[in-house]
Amino acid sequence: MEQEINTIIPAAGKPTENTCYHCGEACREETISADEHSFCCKGCYHVYDLLKVSELCDYYIIDGSAGISPDKSFFKGKFDYLDLPDVHAKILEFTDGHLSQVSWYIPKMHCSSCIWLLEQLYKFNPAIRSSVVNFPEKKVRITFEAEKVKLSELATLVSSIGYEPYISLNDIAGEQVKKWNRKRLYKIGIAGFCFGNVMMLSFPEYFHLGKDAFDESLRATFGWLNLALAIPVLLYCASDFFKSAWAALKGKYLNIDAPIVIALVSIFSLSLYQIISGTGSGYFDSLTGAVFFMLTGRFFQDKTYAGISFDRDYRSYFPVAVSVLTGKAEVRTPVTDLNAADIILVRNSELIPADSVLLSAEALIDYSFVSGEAEPVRRKKGDTIYAGGKQAGPAIELKIMRKVSQSYLTQLWNNESFNKPKEDQNQMLAARINRYFSVIVLIIASLTFAVWFFIFKNPETAFRAFTTCLLVACPCGLLFSSTFTNGNLMALFGKNQCYPKNADAIERLSKIDTVVFDKTGTITRPEDAEVAFIGTKMTDLQMSMVKKLATQSAHPLSRLIVKGLAEVHTEQQNISEYKEASGSGIEGSFGNHTIKLGSADWVGEQKIENDHRFSRVYVSIDGVCSGYFMVSIKYRKNLSQTIEKLRDHGFKTYLLSGDKPTDQDYLAQIFGTYAHLYFKQKPEDKLAFIAALQQKKHRNVLMVGDGLNDAGALQQSNVGVAVSDDINNFTPSCDMIIDGKQLSHLPAFINLARRGQKIIKASFAISLIYNVGGLFFAIGGQLSPVLAAILMPVSLISIVGFTTIASNLSASRILKN
Amino acid sequence: MSAMFVMIIASLAIALAFLGAFIWSVRKGHYDDDYTPSIRILFDDTTSDASKNNTKDIH
């Protein structure tokens, strides 16, 4: 069954037109030909082979060459920890001893071919009963026979076809992501059902049909039926309003739900009285309708983005298990079970889970994730290595100093800013307007009641006028305006690749006056530098030797050069006498040629005065310097215009970087002053800086960041925005996730949020007009059920129409360019 | 005119049946993912139909 690899063509120098049959990338390094197809690497070929054996080559027909090359850092035994009873129980969603079910997050899922292949897993192993993909959440739910296939085998199988499941410490910690709220759908469904039927049963009443004896009995029946239909709406569908109002009352303040609850209860009791006494048919249609529309509005507003998570902490980043060395054996152990003095083995690009001491001779640790430092640091035997770093290079051995939860990095999460929620329902615009509104309505209703009761001596009309006042002037309109406007704004933001966590985040965004940026990863793109060669032109052979040499080194500049020379084919030529001098450069021989790469001193060239805009890497071939590579950090497109625009609009802008002060002059130009640039900021410094801005200068701060090192600042700021080039990537907990390409639209987003607040106010004014008109009749004690039934939907439709049109118009105007 | 009562009961019963169907579909997770089924339906049947029987999901 193992297909023989026919030929390996060393494609020297000249570019070939071959693209990989599996992943669609151009074949650069080597080309593997098999079955008349080309493959760019062994990984891609192996996946193809696996698919062919299982007769799954239709995969390539669905979406072309959309395959994924398996992760090179995968190694045998990586998932062994999944079979540990403790871990096993937490990962499984369901098990009855025979069949088990597991739901895995697969970040690499991206197209319809992926769905197709992941749903054909049973063809690889008959013990897999079924696999069902949820594409928006990027999850696959696999049902399998627990006796026949181990969980680790399952994970290995899925990884071997390129879709490695992402299993983080969060899954093990038992805090499963809250399932999408089905309860709300039940409530909307039931409220809609009751509303529709109450409407239908109320029709005869609207048109004053029939006055004879039989119609009278029909009318009574309809009344009782309406009552029966309204009870589940009040008790079940509206229960969230009661809960939230009660919670607010216990906290000794009045939220927007409190007057709604008062109105609902008084309308219900008035209608109940009318039905029982036979004096009227009540306002059950308005009651059920209001609940139905309010629930719909909230649903619309709270619709979340599947597959985007806003509440990640360090646990989502940490591996579930590491290799612990006991004697000579390597055991995969959950990181929560790590103890001080355990010896662990950390492979290339694995994360170091706990503070530890280096036992190997040398390590190159990439702390960019934790500190924002772009360049990896070299550590020697005996040095302390902090959690969160990643090893770049061969595997290293470490001795654990502290448990994971007590490590230096995880301490950040103990800061109090992580324990207090930012959302303050009481501060939302609707709640602030409501404070005056409710009081005025209550005063009007009570005055009406008093006038009818004491002056006209008509208690029945007094009671009815009181409740109908509350009915027409119910703050439902206010709730509609804000929920529908915010819901629509969320959708508009989402369409432009900016994903707010909730409506409150949009409201807070509208109040921002200070914007703080992180540097590495946020405004720069560390993996994506510009590499240009300046000097005498090199031959293809020389180029390929330079690339081969640079491939040997883990230094970031070498890596960037390799990336910049992606189009160059490397010779199948062996390098000998490879030497790396820390801080200077690298050297290697190819046959009788000697190549040197590194600083000016290293190649024996005159040093040119250092320019912070870019780094120079000199090349010398056989002792003759032929020029240098200019490697410059790439800033995001339109960065300077964006920040200029923010400054023009009166925002204060700051830069907080964990990195060394490179590029200071350039950045000072952009940010306007040196005083607003802060370098070498530790994660807790960033948090403290934001807190100081808020407390001492009373500023509303927007923090733009990307990594764990910004987690504290994002949490402390009024609005924390995480920048990501792939929104399904892992971002720290924040209020808003923005696509890297859209960062230049930040001023427009703030502008749109401000406009949203104005739209809410305007639509509230519209609902006020209806309220005043309705109140006019209500005070007179003349509000008939039919008038109430017309007024409510008409005001709702005009409000929803207005907010939708207004917000769409402003969005298209503001986000046009 | 007692036909009126029968009709009202019938109409309510039908409406209740639809409500029941809605609740059932929510409970079965039909609204959990409103995207993937639209893709799934477009896949051609594969040539080998060795196991078409096991596409059920347990709940």
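This is a predicted model: local features need pLDDT of at least 70, side-chain atom pairs count only at pLDDT 80 or more; totals for chains, interfaces and linings use all residues.

Trainee: What makes a residue of helix H21 in chain A count as buried?

Mentor: The cut-off is 20 or more other C-beta atoms within 10 Å of its own. In H21, which spans residues 639–648, Thr642(A), Ile643(A) and Leu646(A) are the buried residues, so each of them reaches that cut-off.

Trainee: Why do we say they line one face of H21(A)?

Mentor: Look down the helix axis: the buried residues of H21(A) fall within an arc of 90°, so they line one face. In general, an α-helix has 3.6 residues a turn, so residues three or four places apart point the same way.

Trainee: Which exposed residues sit on the face turned away from the buried side of H21(A)?

Mentor: Gln641(A) and Asp648(A). Exposed means 12 or fewer of those C-beta neighbours, so both stay within that limit.

Trainee: And what do the buried residues of H21(A) pack against?

Mentor: Strands E18 (514–518) and E25 (652–656), plus helices H22 (664–671) and H25 (746–779), of chain A.

Trainee: Over to the strands. Why are E21 and E22 of chain A called a pair?

Mentor: Pairing needs at least two bridges, and E21 (585–590) and E22 (593–598) have six, so they qualify, in the antiparallel sense. Phe590(A) stands opposite His593(A) there. In their hairpin, with two residues between the strands, Gly591(A) takes a positive phi near 55°.

Conventions:
Residues are numbered from 1 along each chain as its sequence is written. Chains are lettered from A and ligands numbered from 1 in the order in which they are written. Helices (H or I, at least four residues) and strands (E, at least two) are DSSP runs, numbered from the N terminus. The arc is that of the directions from the helix axis to the C-beta atoms. Two residues are in contact if their C-beta atoms, placed from the backbone, lie within 7 Å.
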